[in-house]
Amino acid sequence: MTGTKKNIMLTPGPTPLPPEVLAALSRPILHHRTEAFGEIFQFVLDAMRRVYMTKNRVLMASASGTGAMESAVVNLLSPGDEALVYSTGAFGDRFAAILKAHGLSPTVISEEWGHAAKADKLAAALKQHQKTKAVFLQQTDTSTGVLNDIKALAAAVRANSDAIVVVDAVSSLAAEEFHMDDWGVDVALTASQKGLMNAPGLAFAAISERAWTLVQSARLPKFYFDWKTYDKSLKARETPYTPAVAMVAAQAEALKLIEKISLKGMWKRTAVLADYTRAWARKNGLELFATDPAHILTGVRLPDGVDGSSMLAEILREEGISIADGQLNLKGKIIRIAHMGYISKPDLDAGFAALEKRLAKVQAA
Ligand code: PMP
């Protein structure tokens, strides 16, 4: 970024990085089969267990969040298995697409974008599909900024089937309240570039013992993402293949910061910024998109006549502030303002000022 532009990111991943994390990314590279790396890697896995609120095993691969999603599919299921996706947006649809790419025919139930998944609807679907092996959910679908009640949804699965519960917490972990063990979640997936305050490139999966029995019998083809291989390497505090070592060191720094603020403190910080953003939207007569809004992200409908895509492009070009557009059929119609991870109130204020300036111009025209 040149000149006086700010380079402020209000996007739901990648997100801005704290200075300690940036500094770790520029340290000399460690070899990944050394004591020094093993120590950092072990800290990251242990700290991730605390962030997930679980005693389960946590595995890490060098990949983005979609890699974590695909790894869950290939490690849990076999050809011909029944799976159920409850989609509340583009990332739920992605789970369905991954399952189909691997030759499965998932049952897909969905809600209109902006609305949360309903536990009674999930229970009814499971009663009809008794052989379902795994249910795939998002805690927050970042395409709309909706928050799904994972506690209630996981309870509905437990009460109505033997299926395991797989949760994509890619955009929510460390930012929204999440209790893997207490809520009965079997597999929880995440990635480094959002609430975890690191650069993109690390994928994590926490896996319950119940899910691990499926892992041992799952027959979908896999190699790089075979969880059993990652699990075997854990004893030596290693990964089977060369990991993104700089990012693991950076993740350790980010996790230390999360522990310093405390997990509850992180959840609170996100919620406070969400309230602040919703109040700004209301003050400016802008309607929230999601009826069940998440704390990580506020989706805001734009007034008729405003071309969101060109407004956001202008804000980036002229002021260096990135704000996310709507996805697919919402492109240009909503904007998505993230307030997760290291995003701060002054960052939001800069974004709000840039938006107000352009919206006022349209309203005056
Ligand atoms: N799931 C959710 C809820 C996400 O927000 C994202 C990223 N926006 C992904 C999955 C996919 O992650 P990635 O882009 O890192 O592959």
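Reader: Where is R237 found, in terms of the elements around it?

Author: Happy to start there: R237 sits in the loop between α9 (227-233) and α10 (245-261). Please keep in mind that this is a predicted model.

Reader: What makes R237 count as partly exposed?

Author: Its relative accessibility is 24%. Buried would require under 20% and exposed over 50%, so at 24% R237 counts as partly exposed.

Reader: Where does A174 lie, and why is it called buried?

Author: A174 lies in the loop between β8 (164-168) and α7. Its relative accessible area is 2%; the limit for buried is under 20%, so A174 is buried.

Reader: Which peptide bond is cis?

Author: The one joining G13 and P14, where omega is about -5°. Most peptide bonds are trans. P14 is found in the loop between β1 and α1 (19-25).

Reader: How do you know that the length of α3 agrees with that of a helix?

Author: Helix α3 covers residues 65-76, twelve residues in total. At 1.5 Å a residue these should span 16 Å, and the end C-alpha atoms are 17 Å apart, which agrees.

Reader: Why is α3 described as largely enclosed?

Author: Ten of its twelve residues are buried, so the rest of the structure largely encloses α3. Among these buried residues are G65, M69, A72, N75 and L76.

Reader: Which residues does V215 touch, and what makes V215 buried?

Author: V215, in helix α8 (residues 209-217), has 0% relative accessibility and therefore counts as buried. Leaving aside residues up to four places away in sequence, V215 touches N75, L76, I207, W227 and K228. N75 and L76 are also among the buried residues of α3. V215 and A72 are 143 residues apart in sequence, while their C-alpha atoms are 9.1 Å apart in space.

Reader: What does α13 pack against?

Author: Its buried residues pack against β1 (8-9), α11 (263-283), α12 (308-319), β12 (321-322) and β14 (334-338). Those buried residues include D347, L348, F352, L355 and R358. Helix α13 itself has 20 residues and reaches 28 Å from its first C-alpha to its last, close to the 28 Å expected.

Reader: How do you know that the radius of gyration fits a compact globule?

Author: For 365 residues, a compact globule would have a radius near 21 Å; the protein chain has 21 Å, so the two agree. Of these 365 residues, 59% count as buried. The chain has 13 helices and 14 strands, and its C-alpha atoms fill a box of roughly 65 × 55 × 35 Å along the principal axes.

Reader: What share of the contacts joins residues at least 24 apart?

Author: The share is 74%, counted among contacts between residues at least 6 apart in sequence.

Terms used. Residues are numbered from 1 along each chain as its sequence is written. This is a predicted model: local features need pLDDT of at least 70, side-chain atom pairs count only at pLDDT 80 or more; totals for chains, interfaces and linings use all residues. Side-chain values use heavy atoms; hydrogens and water are left out. Helices (H or I, at least four residues) and strands (E, at least two) are DSSP runs, numbered from the N terminus. The expected span of a helix is 1.5 Å times one less than its number of residues. Buried means under 20% relative accessible area, exposed over 50%, partly exposed in between (1.4 Å probe, protein chains only). The radius of gyration is taken over C-alpha atoms; the globule rule is 2.2 Å times the number of residues to the power 0.38. Contact means heavy atoms within 4.5 Å.
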